[in-house]
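Biologist: I have a chain open and a few things to ask about it. Can we go through it one point at a time?

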Amino acid sequence: MMRVRESGRTVGVKNESTVQEFVLEAFPVAQHLGGLLFLVHLLAYLASIMGNVVIIFITWADHHLQTPMYVLLSTFSFCECCFITTVIPKLLSIFLSGRQTIPSPACLTQAFFFLFIGAVIFFLMAVMSLDRYLAICKPLHYASIMNLRVSFLLIFLCYYLSFILITCLMLKVSQLSFCGPNIISHFFCDLGSLILLSCSDTRSVEIYFFFVTSFVILLSLVVTITAYSNIVVTVLRLPSAKERQKAFSTCSSHLIVLSLMYGSCVFIYLKPKQVDRLDSNKEAALVNTVVTPVLNPVIYTLRNKQVHQALRDTLFGMRLKK
């Protein structure tokens, strides 16, 4: 079958795809609930955007919050806004129409930004875990190790490493040929689903895709687990039961979000073959694109008393200016 498809191509057009557009067909069984699902996901999208924008605004409006921890958090919030914006608008249009077509270049672009920003988020979570480890377990050395210069350098490294990994992956994917089915059973251009539609030999691309996703997720996961394990040990040594309870309350909230995000991504990406679980991948992907972006602003900062005070001060200052 592959030889028949490839025999019609010349060397000069090897990289040219005969499929000009793909069809996103995510939840055909839920078409009769399209209006309700559209409203629910629209509200979740707006809530996530507003929560993250508040975090970014407060961090840069209040000089008291311009510390490594809040700079990392504001960067994380910015990435969250970008991440869900690459996916949710298209999902909303699918709920209204049942299916959506997307040109091939736009599909590859969406896949690139989804993976690129997703990788940045995972690396940022690892850096944020290290920041909390230093603050709680090494408080006397924290100021000398972690400062604004170091935090901006770490943010740059997160972006740089993610860009290199995902760009190399997308260059390999862009050389695949698509000459058969063009229906992607997902609500965005999921790269795993896209690779399966290719009529080229995809073994090397699948291996590299598995390597990149495994590297990003497992590296971040190992750093995060190590950091939080040390934090838990340190918290258990606190003399006051009230302090321990407060620390565990904060850590448990963070760990809930981390468990949702890592759990769903491990389920989706850390398996060499994608064929058997494409349908369940959609539900797992909804956790990362809808559930955790709504929870993150609440978990990470909006429950923080320092952020509440900064928000009150900022609003009070705006009123005085009027």
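Biologist: Where does Trp-60 sit?
Modeller: Trp-60 is in helix 2, which spans residues 34-61. Helices here are DSSP runs of H or I with at least four residues, strands are runs of E with at least two, and both are numbered from the N terminus. This is a predicted model, where local features need pLDDT of at least 70, side-chain atom pairs count only at pLDDT 80 or more, and totals for chains, interfaces and linings use all residues. Residues are numbered from 1 along each chain as its sequence is written, and side-chain values use heavy atoms, with hydrogens and water left out.

Biologist: Why does Trp-60 count as partly exposed?
Modeller: Because its relative accessibility is 45%. Buried is under 20% relative accessible area, exposed is over 50%, and partly exposed lies in between, using a 1.4 Å probe and protein chains only.

Biologist: And what does Trp-60 touch, leaving out residues up to four places away in sequence?
Modeller: Gln-66, Val-71, Ser-74 and Phe-152; contact means heavy atoms within 4.5 Å. Trp-60 and Ser-74 are 14 residues apart in sequence, with their C-alpha atoms 8.5 Å apart.

Biologist: Switching topic, which residues does UniProt annotate as "transmembrane region"?
Modeller: The unreviewed entry lists several stretches, including 70-88 and 150-171. Such annotations may be inferred rather than shown by experiment.

Biologist: What is the helix content over residues 150-171?
Modeller: That stretch is 100% helix and 0% strand, with its end C-alpha atoms 31 Å apart. Residues 70-88 are 89% helix, with the end C-alpha atoms 26 Å apart.

Biologist: How many helices and strands in the chain?
Modeller: The chain has 12 helices and three strands. Of its 322 residues, 45% are buried.
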